[in-house]
Amino acid sequence: MRRLRQSAALRTLTRETELAARHLVQPLFVREDLAEPRAVASMPGVWQHTIDSLRREAAAAAEAGVGGVMLFGIPAQRDARGSAGDDPEGILNVATRAVVAEVGDAITVQTDLCLDEFTDHGHCGVIVDDGGVVTVDNDATLERYTAIACAQAESGAHLLGLSGMMDGQTAAVRQALDAAGHTDTVLMAYSAKYASAFYGPFRDAVDSQLDGDRRSYQIDPANRREGVREAVLDEAEGADIVMVKPALGFLDVVRDVRDAVRVPVWAYQVSGEYAMLEAAAANGWLERRSAIIESLTSIRRAGADTVLSYWATEAADWL
Ligand code: PBG
């Protein structure tokens, strides 16, 4: 077996998995009413951006050759129905227009389509309080998603990331976009999105208001087949791309989904995966750069066509 490993030339010649800048998407956070970019404490190197610094980050990502940027907005005001999401002057929509103006021809500009960043209760949907028992109303939420989808498409987003895990969201959003004439807007469904502890630092990054958990809509991390069922359903509902999230703990699901659908499969290397490795590297316990490249390569090897990663621009520069 060592014959093909004896030189760098032979190893390069026989390498099975390619990792290139175009395989990476950079998530970026933009916050309303911010004078200066603000560091996210649990994610060293990640910032809540102003519109200006967001434009610069998007330009840097485009320059590095990444496949796209995924935008998340943090509004100044939140309410129960997440009104800032479909307000054309809401932070994410304003930021999308700014980023599209900056880099819209060079890379894909993508937006997170969910309610949690905009609601004062932090859930990904509309809640109903049934005598102290809070539940998320599936179909009332779909109405909010379709309104937000149209506002995001109107702002120029090329691709919408449906991250809320409501049943039927892909079909509902596709139908609403088509009816409004946004037939070219791409839908990327966070199909197999697990109720993961590894989203912890992200909730700092977006100042999440959530008190409780998302286990009534996100998948139990113990379930492998269920992730595949979700992806197959989303493909049938018209998703152009499906995603598995988180990535590193769910590589079996990435492989299963890759084998089960014909559309591109993406994976999200989430905030906790980032924080874990950064913390170990800061302590000198892991060699940062090679650990980052190995983790990204592993996600590709498992079957992901594209990886959302907070290291996207930096890794693209190395690649
Ligand atoms: C929901 C959303 C979440 C993430 C991306 N979109 C948070 C959640 O479901 O709680 C997590 C991303 C990460 O942890 O990096 N809009």
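Predicted model: local features only at pLDDT ≥ 70, side-chain atom pairs only at ≥ 80, totals over all residues.

Residues are numbered from 1 along each chain as its sequence is written, and side-chain values use heavy atoms, with hydrogens and water left out.

Start with Ser309, in strand β12, residues 306–309. Is Ser309 buried or exposed? Its relative accessible area is 0%, so Ser309 is buried. The classes are buried under 20% relative accessible area, exposed over 50%, and partly exposed in between, with a 1.4 Å probe and protein chains only.

Leaving out residues up to four places away in sequence, Ser309 touches Val25, Gln26, Pro27, Gln269 and Leu296. Contact means heavy atoms within 4.5 Å. With Gln269 there is also a side-chain to side-chain polar contact at 2.7 Å. A polar contact is a pair of N or O atoms within 3.5 Å; within protein, one must be able to donate a hydrogen and the other to accept it, and residues adjacent in sequence count only if both atoms are side-chain atoms.

Now the charged pairs. A salt bridge is a side-chain nitrogen of Lys or Arg within 4 Å of a carboxyl oxygen of Asp or Glu. How many salt bridges does a search of the whole structure find? The search finds 14.

One of them joins Glu102 and Arg55, at 2.8 Å from N to O. Glu102 is in helix α3 (residues 91–103) and Arg55 in helix α2 (residues 51–64), so this pair links distant parts of the chain, 47 residues apart. Glu102, at 37% relative accessibility, is partly exposed, and Arg55 is partly exposed at 28%.

Next, Arg288 and Glu278 meet in a salt bridge at 2.9 Å, N to O. Arg288 lies in helix α10 (residues 288–302) and Glu278 in helix α9 (residues 271–282), so the pair ties together parts 10 residues apart in sequence. Arg288 is partly exposed at 25%, whereas Glu278 is buried at 9%.

Asp259 is exposed at 58%; Arg255 is partly exposed at 33%.

Finally, Arg174, Asp178 and Asp240 are linked in a network of salt bridges.

Conventions. Helix = DSSP H or I, 4+ residues; strand = E, 2+ residues; numbered from the N terminus.
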